[in-house]
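Thank you all for coming.

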Amino acid sequence: MTKGRLKDRIALVTGGSRGVGKGVAIGLAEAGATVIVTARTRNSGGSEWPGSLDETIAAVDEAGGRGIGLLCDHSDDGSVREVFDLIRHNHGRLDVLVNNVFAAPNVMPVNIPFWQVPASLWDTMHRVGLRSHFVASQLAVPLMLPQQRGLIVNTSSGGGVRYTFNVPFGVQKSGVDRMARDMAHELKPFGIAAVSIWPGYIKSEKLAAQPDRVPPALAKLIAERGETPVFAGRAVAALAGDPDVMTKSGQILLASELAAEYGFTDVDGKVPPPPSRDPAPLAMFKPGVTT
(Lines give C-alpha, C1' and ligand atoms only; values in the text may rest on other atoms or scores of the structure.)
Protein backbone atom coordinates (compact mmCIF):
# COMPACT_ATOMS: atom_id res chain seq x y z
CA MET A 1 0.00 0.00 0.00
CA THR A 2 1.46 3.36 -1.00
CA LYS A 3 1.95 5.57 2.04
CA GLY A 4 -0.23 8.66 1.91
CA ARG A 5 -2.66 7.18 -0.58
CA LEU A 6 -5.53 7.71 1.84
CA LYS A 7 -4.35 11.03 3.28
CA ASP A 8 -7.62 12.79 2.41
CA ARG A 9 -9.90 9.99 3.61
CA ILE A 10 -11.97 9.94 6.79
CA ALA A 11 -12.42 6.47 8.25
CA LEU A 12 -14.35 5.18 11.27
CA VAL A 13 -13.38 1.89 12.94
CA THR A 14 -15.78 0.62 15.61
CA GLY A 15 -14.48 -1.42 18.50
CA GLY A 16 -10.86 -0.47 17.95
CA SER A 17 -9.22 -0.68 21.36
CA ARG A 18 -7.63 -4.04 20.64
CA GLY A 19 -7.49 -6.97 18.23
CA VAL A 20 -8.64 -6.67 14.63
CA GLY A 21 -10.15 -3.22 15.20
CA LYS A 22 -6.83 -1.81 16.39
CA GLY A 23 -5.02 -3.52 13.53
CA VAL A 24 -7.43 -2.07 10.97
CA ALA A 25 -6.98 1.41 12.44
CA ILE A 26 -3.20 1.05 12.13
CA GLY A 27 -3.43 -0.29 8.58
CA LEU A 28 -5.54 2.69 7.50
CA ALA A 29 -3.15 5.04 9.30
CA GLU A 30 -0.18 3.61 7.42
CA ALA A 31 -1.88 4.82 4.25
CA GLY A 32 -2.31 8.28 5.74
CA ALA A 33 -6.02 8.28 6.63
CA THR A 34 -7.67 10.20 9.41
CA VAL A 35 -8.93 7.35 11.58
CA ILE A 36 -11.75 7.81 14.08
CA VAL A 37 -11.89 4.92 16.54
CA THR A 38 -14.68 4.03 18.95
CA ALA A 39 -14.37 1.92 22.08
CA ARG A 40 -15.65 1.75 25.64
CA THR A 41 -12.19 1.58 27.21
CA ARG A 42 -10.25 4.85 27.30
CA ASN A 43 -7.37 3.57 29.41
CA SER A 44 -5.72 0.16 29.61
CA GLY A 45 -7.91 -2.54 31.09
CA GLY A 46 -4.98 -4.65 32.27
CA SER A 47 -4.44 -8.33 31.55
CA GLU A 48 -8.14 -9.25 31.55
CA TRP A 49 -8.90 -6.97 28.61
CA PRO A 50 -5.57 -5.68 27.26
CA GLY A 51 -5.67 -2.64 24.99
CA SER A 52 -7.34 0.74 25.16
CA LEU A 53 -8.58 3.61 23.02
CA ASP A 54 -5.66 5.83 23.98
CA GLU A 55 -3.15 3.14 23.02
CA THR A 56 -4.80 2.65 19.63
CA ILE A 57 -4.81 6.39 18.88
CA ALA A 58 -1.13 6.60 19.81
CA ALA A 59 -0.41 3.70 17.43
CA VAL A 60 -2.43 5.38 14.65
CA ASP A 61 -0.48 8.60 15.02
CA GLU A 62 2.82 6.70 15.07
CA ALA A 63 1.84 4.83 11.90
CA GLY A 64 1.40 8.06 9.97
CA GLY A 65 -2.30 8.78 10.22
CA ARG A 66 -4.32 11.10 12.39
CA GLY A 67 -6.10 9.36 15.24
CA ILE A 68 -9.28 10.49 16.94
CA GLY A 69 -10.64 8.42 19.81
CA LEU A 70 -14.31 8.56 20.79
CA LEU A 71 -15.85 6.72 23.72
CA CYS A 72 -18.95 4.90 22.54
CA ASP A 73 -21.21 2.14 23.80
CA HIS A 74 -22.51 0.50 20.63
CA SER A 75 -25.39 -1.08 22.55
CA ASP A 76 -26.75 2.46 23.03
CA ASP A 77 -28.13 4.00 19.81
CA GLY A 78 -27.91 7.47 21.32
CA SER A 79 -24.20 7.05 21.98
CA VAL A 80 -23.69 5.90 18.39
CA ARG A 81 -25.66 8.84 16.98
CA GLU A 82 -23.44 11.21 18.94
CA VAL A 83 -20.40 9.76 17.16
CA PHE A 84 -21.90 10.33 13.73
CA ASP A 85 -23.10 13.79 14.67
CA LEU A 86 -19.52 14.66 15.60
CA ILE A 87 -18.22 13.27 12.31
CA ARG A 88 -20.77 15.31 10.39
CA HIS A 89 -19.95 18.47 12.33
CA ASN A 90 -16.16 18.12 12.29
CA HIS A 91 -15.54 16.49 8.90
CA GLY A 92 -18.72 16.82 6.85
CA ARG A 93 -18.40 13.35 5.37
CA LEU A 94 -17.24 9.76 5.92
CA ASP A 95 -15.31 7.70 3.38
CA VAL A 96 -14.81 4.37 5.15
CA LEU A 97 -16.79 2.58 7.86
CA VAL A 98 -15.34 -0.57 9.40
CA ASN A 99 -17.93 -2.41 11.49
CA ASN A 100 -15.80 -4.38 13.90
CA VAL A 101 -17.24 -3.94 17.40
CA PHE A 102 -18.12 -7.27 19.00
CA ALA A 103 -19.29 -8.07 22.54
CA ALA A 104 -17.39 -11.26 23.28
CA PRO A 105 -18.05 -13.03 26.58
CA ASN A 106 -15.21 -13.30 29.06
CA VAL A 107 -15.12 -17.03 28.36
CA MET A 108 -16.42 -18.20 24.98
CA PRO A 109 -18.50 -21.40 25.28
CA VAL A 110 -16.87 -24.04 23.08
CA ASN A 111 -18.74 -27.15 21.95
CA ILE A 112 -21.54 -26.44 24.40
CA PRO A 113 -24.86 -27.47 22.80
CA PHE A 114 -27.23 -24.61 22.12
CA TRP A 115 -29.83 -25.86 24.58
CA GLN A 116 -27.25 -25.52 27.37
CA VAL A 117 -25.83 -22.05 26.61
CA PRO A 118 -27.56 -19.07 28.24
CA ALA A 119 -29.94 -17.17 25.97
CA SER A 120 -28.09 -14.04 27.05
CA LEU A 121 -25.16 -15.17 24.88
CA TRP A 122 -27.36 -14.76 21.80
CA ASP A 123 -28.52 -11.33 22.95
CA THR A 124 -24.99 -10.13 23.73
CA MET A 125 -23.45 -11.16 20.41
CA HIS A 126 -26.32 -10.03 18.26
CA ARG A 127 -26.90 -6.66 19.87
CA VAL A 128 -23.24 -5.62 19.71
CA GLY A 129 -21.79 -7.34 16.68
CA LEU A 130 -24.78 -7.58 14.36
CA ARG A 131 -27.44 -5.00 15.20
CA SER A 132 -24.69 -2.50 16.00
CA HIS A 133 -23.30 -2.92 12.48
CA PHE A 134 -26.71 -2.23 10.99
CA VAL A 135 -27.19 0.93 13.06
CA ALA A 136 -23.71 2.27 12.27
CA SER A 137 -24.21 1.59 8.57
CA GLN A 138 -27.57 3.38 8.59
CA LEU A 139 -25.91 6.45 10.07
CA ALA A 140 -22.82 6.25 7.84
CA VAL A 141 -24.51 6.12 4.45
CA PRO A 142 -25.95 9.68 4.55
CA LEU A 143 -22.38 10.89 5.11
CA MET A 144 -21.24 9.02 1.99
CA LEU A 145 -24.09 9.75 -0.42
CA PRO A 146 -23.05 13.29 -1.41
CA GLN A 147 -19.69 12.01 -2.69
CA GLN A 148 -21.30 9.04 -4.49
CA ARG A 149 -18.42 7.05 -3.05
CA GLY A 150 -17.70 5.09 0.09
CA LEU A 151 -16.76 1.74 1.58
CA ILE A 152 -18.43 -0.25 4.35
CA VAL A 153 -16.46 -3.21 5.69
CA ASN A 154 -17.87 -5.80 8.09
CA THR A 155 -15.20 -7.86 9.81
CA SER A 156 -16.22 -11.49 10.03
CA SER A 157 -14.69 -14.97 9.93
CA GLY A 158 -15.09 -18.49 8.63
CA GLY A 159 -17.61 -18.95 11.42
CA GLY A 160 -20.09 -17.51 8.95
CA VAL A 161 -20.02 -20.71 6.88
CA ARG A 162 -18.97 -23.44 9.30
CA TYR A 163 -19.68 -24.36 12.89
CA THR A 164 -17.32 -22.43 15.19
CA PHE A 165 -17.47 -22.29 19.00
CA ASN A 166 -21.29 -22.35 19.37
CA VAL A 167 -24.57 -21.61 17.58
CA PRO A 168 -24.96 -17.91 18.55
CA PHE A 169 -21.41 -17.18 17.34
CA GLY A 170 -21.95 -18.79 13.95
CA VAL A 171 -25.30 -17.11 13.38
CA GLN A 172 -23.76 -13.73 14.22
CA LYS A 173 -20.93 -14.20 11.70
CA SER A 174 -23.30 -15.46 9.02
CA GLY A 175 -25.52 -12.44 9.62
CA VAL A 176 -22.58 -10.07 9.25
CA ASP A 177 -21.69 -11.62 5.88
CA ARG A 178 -25.27 -11.55 4.63
CA MET A 179 -25.72 -7.96 5.78
CA ALA A 180 -22.78 -6.84 3.64
CA ARG A 181 -24.15 -8.68 0.62
CA ASP A 182 -27.64 -7.24 0.92
CA MET A 183 -26.41 -3.73 1.71
CA ALA A 184 -24.24 -3.92 -1.41
CA HIS A 185 -27.33 -4.61 -3.51
CA GLU A 186 -29.09 -1.51 -2.22
CA LEU A 187 -25.98 0.70 -2.32
CA LYS A 188 -24.88 -0.15 -5.84
CA PRO A 189 -26.63 2.81 -7.55
CA PHE A 190 -24.85 5.22 -5.21
CA GLY A 191 -21.25 4.12 -5.74
CA ILE A 192 -20.87 2.83 -2.19
CA ALA A 193 -19.31 -0.61 -1.72
CA ALA A 194 -20.10 -3.02 1.11
CA VAL A 195 -17.99 -6.11 1.77
CA SER A 196 -17.30 -8.65 4.45
CA ILE A 197 -13.66 -9.43 5.23
CA TRP A 198 -12.26 -12.51 6.93
CA PRO A 199 -8.92 -12.24 8.68
CA GLY A 200 -7.19 -15.52 9.43
CA TYR A 201 -6.10 -16.83 12.84
CA ILE A 202 -5.34 -13.67 14.79
CA LYS A 203 -2.39 -13.21 17.13
CA SER A 204 -4.32 -10.98 19.50
CA GLU A 205 -3.31 -9.14 22.65
CA LYS A 206 -5.76 -11.22 24.64
CA LEU A 207 -4.15 -14.44 23.39
CA ALA A 208 -0.74 -13.17 24.46
CA ALA A 209 -2.07 -12.16 27.88
CA GLN A 210 -4.20 -15.27 28.50
CA PRO A 211 -2.91 -18.18 26.43
CA ASP A 212 -4.49 -20.75 28.77
CA ARG A 213 -8.00 -19.53 27.88
CA VAL A 214 -7.61 -20.48 24.21
CA PRO A 215 -8.48 -24.07 23.21
CA PRO A 216 -5.18 -25.91 22.61
CA ALA A 217 -6.15 -26.92 19.06
CA LEU A 218 -6.93 -23.31 18.19
CA ALA A 219 -3.72 -22.08 19.82
CA LYS A 220 -1.82 -24.54 17.62
CA LEU A 221 -3.47 -23.16 14.47
CA ILE A 222 -2.62 -19.62 15.51
CA ALA A 223 0.99 -20.58 16.16
CA GLU A 224 1.28 -22.29 12.77
CA ARG A 225 -0.85 -20.02 10.56
CA GLY A 226 -1.43 -16.88 12.61
CA GLU A 227 -1.34 -13.30 11.44
CA THR A 228 -1.20 -9.96 13.22
CA PRO A 229 -4.28 -7.72 13.31
CA VAL A 230 -2.40 -5.18 11.17
CA PHE A 231 -2.56 -7.59 8.24
CA ALA A 232 -6.34 -7.19 8.13
CA GLY A 233 -5.84 -3.43 8.40
CA ARG A 234 -3.64 -3.42 5.33
CA ALA A 235 -6.32 -5.37 3.49
CA VAL A 236 -8.93 -2.75 4.36
CA ALA A 237 -6.55 0.05 3.35
CA ALA A 238 -5.94 -1.63 0.00
CA LEU A 239 -9.68 -1.84 -0.63
CA ALA A 240 -10.20 1.79 0.42
CA GLY A 241 -7.55 2.89 -2.05
CA ASP A 242 -8.85 0.83 -4.97
CA PRO A 243 -10.78 3.01 -7.45
CA ASP A 244 -12.48 -0.17 -8.72
CA VAL A 245 -13.58 -1.44 -5.31
CA MET A 246 -17.21 -1.53 -6.52
CA THR A 247 -16.31 -4.68 -8.48
CA LYS A 248 -15.86 -6.41 -5.12
CA SER A 249 -19.01 -5.06 -3.47
CA GLY A 250 -21.17 -7.73 -1.86
CA GLN A 251 -18.37 -10.27 -1.62
CA ILE A 252 -16.71 -12.12 1.24
CA LEU A 253 -13.03 -11.25 0.95
CA LEU A 254 -10.11 -12.98 2.67
CA ALA A 255 -7.21 -10.83 3.81
CA SER A 256 -4.62 -13.27 2.46
CA GLU A 257 -6.28 -13.39 -0.97
CA LEU A 258 -6.32 -9.59 -1.07
CA ALA A 259 -2.61 -9.58 -0.18
CA ALA A 260 -1.88 -11.65 -3.26
CA GLU A 261 -3.88 -9.24 -5.40
CA TYR A 262 -2.69 -5.92 -3.96
CA GLY A 263 0.86 -6.87 -2.98
CA PHE A 264 0.93 -6.16 0.76
CA THR A 265 2.31 -8.37 3.54
CA ASP A 266 2.02 -8.82 7.26
CA VAL A 267 4.39 -6.90 9.52
CA ASP A 268 7.00 -9.67 9.21
CA GLY A 269 7.06 -9.33 5.42
CA LYS A 270 5.20 -12.61 4.89
CA VAL A 271 1.73 -13.48 3.61
CA PRO A 272 0.02 -15.97 5.94
CA PRO A 273 -2.05 -18.75 4.40
CA PRO A 274 -5.75 -17.93 4.00
CA PRO A 275 -8.36 -19.56 6.23
CA SER A 276 -10.47 -22.19 4.58
CA ARG A 277 -13.83 -21.41 2.95
CA ASP A 278 -14.82 -25.06 3.49
CA PRO A 279 -18.13 -25.27 5.42
CA ALA A 280 -17.04 -28.47 7.19
CA PRO A 281 -16.34 -27.85 10.90
CA LEU A 282 -12.75 -28.07 12.11
CA ALA A 283 -12.03 -31.22 14.10
CA MET A 284 -12.00 -29.30 17.37
CA PHE A 285 -15.64 -28.27 16.81
CA LYS A 286 -17.16 -31.67 16.02
CA PRO A 287 -19.97 -32.91 18.29
CA GLY A 288 -18.68 -34.57 21.43
CA VAL A 289 -15.15 -33.22 21.05
CA THR A 290 -14.01 -31.32 24.12
CA THR A 291 -11.25 -28.73 24.13
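This is a predicted model: local features need pLDDT of at least 70, side-chain atom pairs count only at pLDDT 80 or more; totals for chains, interfaces and linings use all residues.

Let me begin with strand β6, residues 192-198, which is mostly covered, since 7 of its 7 residues are buried, where buried means under 20% relative accessible area, exposed means over 50%, and partly exposed lies in between, with a 1.4 Å probe and protein chains only. Residues are numbered from 1 along each chain as its sequence is written, and side-chain values use heavy atoms, with hydrogens and water left out. The helices (H or I, at least four residues) and strands (E, at least two) are DSSP runs, numbered from the N terminus.

Both faces of β6 are covered, with Ile192, Ala194, Ser196 and Trp198 buried on one side, and Ala193, Val195 and Ile197 buried on the other. As for its partners, strand β5, residues 150-155, runs parallel to β6 and is joined to it by 6 bridges, two strands being paired if DSSP finds at least two bridges between them. Within that pairing, Leu151 stands opposite Ala193 in β6. Strand β7, residues 252-254, also pairs with β6 in the parallel sense, over 3 bridges, and here Ser196 stands opposite Ile252 in β7. Together, β5, α5 and β6 make a right-handed β-α-β unit, which is to say that, with the strands pointing away from the viewer, the path from the first strand over the helix to the second runs clockwise.

**Aromatic pairs**

How many aromatic pairs does the model have? The count comes to 6, taking rings of Phe, Tyr and Trp (its six-membered ring) as paired if their centres lie within 6.5 Å, with planes under 30 degrees apart called stacked, over 60 edge-to-face and the rest tilted. The rings of Phe102 and Phe169 have centres 6.1 Å apart and planes at 85 degrees, so this pair is edge-to-face. It links distant parts of the chain, 67 residues apart, with Phe102 in the loop between β4 (96-99) and α4 (119-144) and Phe169 in helix α5, residues 167-187. Phe102 is partly exposed at 26% relative accessibility, whereas Phe169 is buried at 7%.

The rings of Phe231 and Phe264, with centres 5.4 Å apart and planes at 55 degrees, form a tilted pair, and both residues are buried. Returning to Phe102, ring pairs link Phe102, Tyr163, Phe165, Phe169 and Phe285 into a cluster, and Lys173 lies over the face of Phe102, at 4.7 Å from the ring centre.

**Two single residues**

Thr265, in the segment after α9 (255-262), is partly exposed, with a relative accessible area of 26%. Leaving aside neighbours within four places in sequence, Thr265 is in contact (heavy atoms within 4.5 Å) with Phe231, Arg234, Lys270 and Val271.

Ser52, by contrast, is buried, with a relative accessible area of 1%, and is found in the loop between β2 (34-39) and α2 (53-63).

Conventions: A charge sits over a ring if NZ of Lys or CZ of Arg is within 6 Å of the ring centre and within 35 degrees of the ring normal.
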